[in-house]
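Hi,

Here is the structure I said I'd pass along. Have a look at it first, and my notes follow below.

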Amino acid sequence: MTASMVSVCTSASKAATRGTGPTRATGPFAYPSFASYVRARQPVLLRTARSLTANPSDAEDLLQTALTKTYVAWDRIEDHRALDGYVRRALLNTRTSQWRKRKVDEFACDELPEPDVIPSGDPAEQQVLRDAMWRAIMKLPDRQRAMVVLRYYEDLSEAQTAEVLGVSIGTVKSAVSRALGKLREDPELTPVR
């Protein structure tokens, strides 16, 4: 801290303790009229904020920011009958600032970067396949079943699977290989191939 900052902080704290200088009460009850204004007008102001943004959560954040700006300027606002206009202007200015600060991640290109549409199968058939797969997995010995689930459903690496089960990586490789062989031979999964 520099010497000039120390002197400013000291003089400000002395002025505050003497009751001179610009001091203001803080907290939710510093301006009871502000609290009553917010209670009365919040639904209307929230509708205005929602008209400025598509996401309801963003609208709530936008209104909160505008009300914070209004609270800070509360003692400077002369005509409290025009508060709605003040808050609306704060909403618009805040939203405009957000638009300007937004990073644009869109680039023009010759072809649309949309993926090819992969036809999805019948959801009922997909569920039948999932059920058959789980029944086949449940037929595996406990240790092989644990390794298959960790490797392919939990997406752990061979090393992570070995660490979780307290075995070597080679044990995981050989057990998973044997388990996949049994799954390939399962008669319930034969129609799928």
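Predicted model: local features only at pLDDT ≥ 70, side-chain atom pairs only at ≥ 80, totals over all residues.

Let's start with Asp-186, which is buried, with a relative accessible area of 7% (buried is under 20%, exposed over 50%, partly exposed in between, using a 1.4 Å probe and protein chains only). Residues are numbered from 1 along each chain as its sequence is written, and side-chain values use heavy atoms, with hydrogens and water left out.

Back to Asp-186: its side chain meets that of Lys-139 in a salt bridge (3.3 Å, N to O). By salt bridge I mean a side-chain nitrogen of Lys or Arg within 4 Å of a carboxyl oxygen of Asp or Glu. Lys-139 sits in the loop between helix 5 (123–138) and helix 6, and Asp-186 in the segment after helix 8, so the pair ties together parts 47 residues apart in sequence. (Helices are DSSP runs of H or I, at least four residues, and strands are E runs of at least two, numbered from the N terminus.) Lys-139 itself is exposed, at 53%. Lys-139 also forms a salt bridge with Glu-188, with the closest N and O atoms 3.8 Å apart. Glu-188 is partly exposed at 29% relative accessibility. Arg-135, Lys-139, Asp-186 and Glu-188 are linked in a network of salt bridges.

The structure holds six salt bridges. Another one of them joins Asp-84 and Arg-41 (2.5 Å, N to O). Asp-84 is in helix 4 and Arg-41 in helix 2, so this pair ties together parts 43 residues apart in sequence. Asp-84 counts as buried at 16%, Arg-41 as partly exposed at 26%.

Now the inside. The largest nonpolar core has 20 residues, and those with the most contacts inside it include Tyr-37, Leu-63 and Val-87. Such a core is a set of buried Ala, Val, Leu, Ile, Met, Phe, Trp, Tyr and Cys residues joined through side-chain atoms within 4.5 Å. Helix 2 (32–52), helix 3 and helix 4 (83–101) each give two or more residues to this core, and the largest share, seven residues, comes from helix 2. A second, separate core of eight residues includes Ala-136, Leu-140, Val-148 and Leu-183.

Finally, Thr-70 is in helix 3 (residues 56–72) and counts as buried, at 0% relative accessibility.

Cheers
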